[in-house]
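Trainee: I would like to learn how to read the overall features of a model. Please take them one at a time.

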Amino acid sequence: MLSELIDSEVINLDVECISWMDAIKKGTELLLNKDYIEKSYEEAIIDNFIKLGPYMVIAPGIVLSHARHEQGVKRLSLSIITLKNPVNFGSEMNDPVKLIITLAAIDDKSHMKALEELMGLFMNTEDLNSLMMEKDKEKILMLLNKYSNKAM
């Protein structure tokens, strides 16, 4: 599943951002460029952060940005960006953030396998650190392939 959702066009590494909002926009921009989401989806993610706080900062250094599928998702998709300089999202326990994964789900279920595979990667500290530090998109894709189609 991960290998089906992610290609080099939805990965951007060592990105410079000035704020959490800028980081969210850089992650959604990759999906916007491929016409997988509408601008309203990006706006919904930002609104969620403003209204609900940093609940999308799911682990130290990691944001899983998302909103409801009816807020502008055209196709099940993911993007991955790593930040050159980590930024704060307002999460006392998990800031600063270095990795932003933007999830665009088309319904309540179809993305679950991809999330399961991502969680497998997140539980492997060595591979997670590699993902956060890697500068080569092809190596990122190889790393993700290692977890694609694997059950936890």
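Trainee: What share of the contacts in the protein with a separation of 6 or more comes from residues 24 or more positions apart?

Mentor: A contact means heavy atoms within 4.5 Å. In the protein, residues 24 or more positions apart account for 69% of the contacts with a separation of 6 or more. This is a predicted model, where local features need pLDDT of at least 70, side-chain atom pairs count only at pLDDT 80 or more, and totals for chains, interfaces and linings use all residues. Residues are numbered from 1 along each chain as its sequence is written, and side-chain values use heavy atoms, without hydrogens and water.

Trainee: How many helices and strands are there in the protein?

Mentor: Both are DSSP runs numbered from the N terminus: helices are H or I with at least four residues, strands are E with at least two. Here there are six helices and five strands, in the sequence pattern α-β-α-α-β-β-β-β-α-α-α.

Trainee: Why does the radius of gyration of the protein agree with a compact globule?

Mentor: The radius is taken over C-alpha atoms, and the globule rule is 2.2 Å times the number of residues to the power 0.38. For 152 residues the rule gives a value near 15 Å, and the protein has 14 Å, so the two agree. The C-alpha atoms fill a box of roughly 35 × 30 × 25 Å along the principal axes.

Trainee: What percentage of the residues count as buried?

Mentor: Buried means under 20% relative accessible area, with a 1.4 Å probe and protein chains only. Of the 152 residues, 49% count as buried.

Conventions:
Buried < 20%, exposed > 50% of the residue type's maximum accessible area, 1.4 Å probe, protein only.
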